[in-house]
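Here is a short report on one protein chain.

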Amino acid sequence: MIYNNNGSFIRNAVITTGFIVVTVSIFSMVWLRSSIKTLEYRLGIFQQKQIELMKERRNLLVKKDNLLSISNIDHIAIKKMGFDFPDRTKVIYIKDKGVARVEFIQ
Amino acid sequence: MRRRNTIIYGIVIISFLVVLLRLFDLIVIEHDRFSKRAEDQSTTLEEVQVRRGLIFDRTGRRLAVNLEQNSVYCYKRLLKASDEQLTEMAQLLGIDYDNLKFKLENSRNFFWLKRKVPVEITEKLNTLSIGGIGVSPEAKRDYTMGTLASHVIGFVDIDNKGIDGIEKLYNGDLIDKGGTFSVEKDARGNKFYTENMRERKGKNMVLTIDVGLQYIVERELELALEKWKAESATVVMLNPYNGEILAIANRPTYDPNEAGKYNPSNRRNRAITDLYEPGSTFKIVATSGTLEEKLVKPTDMIDCSAGAIDVGGKRIKDAHRHGVLSFMQVIQKSSNVGTIKLAQRLGKDTLYKYIKLFGFGKKTGIDLPGELPGTAKHPKYWSGVSIGAMAIGQEVGVTPLQVVTAYSVIANGGYAIQPHVVRGFTYDDTTSTLDVKEDEKKRLVSKNTVATMRAALMMVTQQGGTATYAEVEGNHVAGKTGTAQIFDRQLRHYSSTDYVSSFVGFVPAEKPVLSMIVVVWKPRGAIYGGVVAAPIFKNIAEKALSYLNIPREDMEDSNKLYVDNAKTLIDVSYNYNKLNN
């Protein structure tokens with residue numbers, strides 16, 4: 001314990017300081033906890049948004065897959081654009097190395 | 001004054017003591033109860049979303065995926081909706097208003113209004129803010145390729161449980177167990193961030209199917225079915241070396257996205273469930289058997305000049321009278337008489353041994369549900385005619401898969417294979433790189449037998465053979481035709497109008513990249529396998545070889561154009577155009 005001639009002054013100062021420290025600490029803790037909760041809340045919103053966007057991405061990928069399905073491409077290529085499977089008899093072969101060899105059969 | 005102070009102090013102290021006691025009660029004695037209540041009020045338990053694993057083809061194309069949708073439910077007790085809101089909701093969900101009213105009046109407290117509704121619609125529904133109506137996220141299985149490979153993939157029910165195909169057989173791998181997770185929420189129900197797992201997904205599956213080849217097969221099969229006005233048809237294409245199924249197509253077929261709308265018979269995978277008498281394609285058993293047992297040499301001559309043979313009191317004829325044929329010609333001309341004579345050299349028990357050796361009368365073990373083992377009765381149940389009938393593919397029931405598996409043994413040099421449609425599993429959503437285990441090879445027939453049979457089967461598609469229509473431009477084909485009458489169970493005799501036409505073979509004959517069977521049930525206009533099934537084989541094989549970049553074998557022929565390597569494509573296109581115009 002701190003006691004001297006000016007004991008009452010120091011004591012009062014220590015008590016006041018202690019009171020302020022305790023009060024500030026309590027409020028700081030409350031504020032910190034509240035801030036964490038706010039952040040968690042905001043993160044929760046972002047997380048929810050992320051989940052929604054991921055689902056949307058999945059659905060868009062499914063749409064892309066459906067658009068790129070072979071039967072769909074076939075429908076467009078063969079029926080609309082007039083493409084057909086390559087005629088094997090008119091395929092040209094080229095060797096990678098040495099003399100290039102080309103096959104052509106009329 | 002002092003007494004009053006004492007009383008006040010006393011009251012304050014007692015009050016504090018009461019408060020302290022209550023606090024002790026709340027904090028220590030009743031701790032568990034209140035902490036649980038507090039947790040219940042601030043947290044909520046949510047269901048872990050379960051998603052099925054994706055299904056890829058061998059090249060990484062996505063065949064079965066999950067579409068994110070919502071299911072709309074109703075809590076009848078909480079329902080607060082005006083007639084206008086109900087009308088609007090019925091329109092949005094595509095439900096008849098009267099049906100909706102009937103449901104609301106006659107259902108229990110909780111019921112589903114509509115399962116798996118697109119998200120856009122449920123978003124509109126939410127703007128109506130109808131009390132008691134809620135949405136729950138659910139995934140809808142989507143088959144991106146529609147009818148393509150539907151008999152392999154199968155489909156799922158409304159609860160995403162596999163009902164057919166690999167969706168059924170591998171249901172346990174494709175789906176993971178669900179459960180719940182806790183998440184903190186505030187008074188308004190807003191949820192806080194959580195690291196708990198919100199979603200679980202099963203393993204992704206990679207098939208051996210190649211969608212490109214599957215498409216070629218399905219397209220040609222569709223055209224053929226239309227041409228021959230056939231009742232049904234099947235094609236199975238596989239890698240003869242490791243049994244990987246590259247394509248399986250059946251007609252009629254169905255779209256797994258709306259499987260319920262189709263006749264159940266359309267959903268049958270005829271390649272493994274439909275038994276038929278194979279006819280001449282079964283001759284591979286007796287002929288290979290006699291070679292393997294060294295009872296015949298390729299150059300041996302067999303007298304088939306009578307054009308018929310009596311077996312067990314029954315006369316079995318050739319389609320055409322042939323004369324004396326070599327062993328090779330017996331196969332090339334598909335002589336019943338010659339094959340039966342060879343089978344008689346083998347005897348009942350040895351013929352039966354080779355029937356089993358080639359995998360008939362038992363399941364191939366393919367990883368698809370519903371496979372039938374076929375029928376190949378034991379010699380003790382054979383009649384006098386059985387040895388002749390079985391040698392030419394009668395009195396046996398086989399599946400198309402069994403036949404093509406047997407021919408793959410000749411194609412791959414004499415080794416047993418295990419047909420399968422699943423290459424393996426992956427947890428990755430985009431790639432399909434997997435370690436594929438190679439099984440130990442088990443030799444079934446000798447190299448010499450394979451070489452002779454390969455040469456004989458090649459003769460079948462060449463001039464003088466029964467399947468010249470199966471010949472592929474630039475590559476040799478080895479194969480065998482089959483034309484079998486269908487047994488009419490009601491009339492108890494073979495039909496004179498209904499046939500099964502088939503062709504099974506492999507290409508390129510010397511170094512096969514694929515073996516394939518084409519089976520057409522009840523074609524109209526023609527019946528012979530060489531006329532009906534062989535051209536389908538040819539059309540598919542030509543396109544498949546192009547797709548697989550398999551070069552022509554006749555590249556060394558004289559009809560070639562050589563250009564200098566340095567000039568490459570420019571000269572090629574120049575010469576090509578010059579020659580074309």
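## Contacts and model basis

Contact means heavy atoms within 4.5 Å. By that criterion, take the contacts in chain B between residues at least 6 apart in sequence: 73% of them join residues at least 24 apart.

The model is predicted, so local features need pLDDT of at least 70 and side-chain atom pairs count only at pLDDT 80 or more, while totals for chains, interfaces and linings use all residues. Residues are numbered from 1 along each chain as its sequence is written, chains are lettered from A and ligands numbered from 1 in the order in which they are written, and side-chain values use heavy atoms, with hydrogens and water left out.

## Overall form

Chain B contains 19 helices and 20 strands. These are DSSP runs, numbered from the N terminus: helices are H or I with at least four residues, strands are E with at least two.

Along the principal axes, the C-alpha atoms fill a box of roughly 145 × 70 × 50 Å.

## Surface and charge

Of the 581 residues in chain B, 50% are buried. Buried means under 20% relative accessible area, exposed over 50%, and partly exposed in between (1.4 Å probe, protein chains only). The chain exposes about 28,000 Å², with carbon and sulfur atoms supplying 51% of that area. Accessible areas come from the Shrake-Rupley method with a 1.4 Å probe; for residues, only the protein chains shown count as cover.

Chain B carries 78 positive and 68 negative side chains. Lys and Arg count as positive, Asp and Glu as negative; His and the chain ends are not counted. The centres of the two sets lie 4 Å apart, with each charge placed at NZ of Lys, CZ of Arg, CG of Asp or CD of Glu.

## Cis peptide bonds

The bond from B:Arg251 to B:Pro252 is cis, with omega near 0°. B:Pro252 sits in the loop between β11 (245–251) and α10 (270–273).

The bond from B:Val507 to B:Pro508 is also cis, with omega near -15°. B:Pro508 is in the loop between β18 (493–507) and β19 (514–521).

## Positive phi

B:Lys294 is not a glycine, yet its phi is near 60°. This residue lies in the loop between α11 (283–292) and β12 (301–304). B:Lys294 is exposed, at 72% relative accessible area.

B:Ser334, another non-glycine, has a positive phi of about 55°. Its loop runs between α12 (327–333) and α13 (336–346). B:Ser334 is buried, at 13% relative accessible area.
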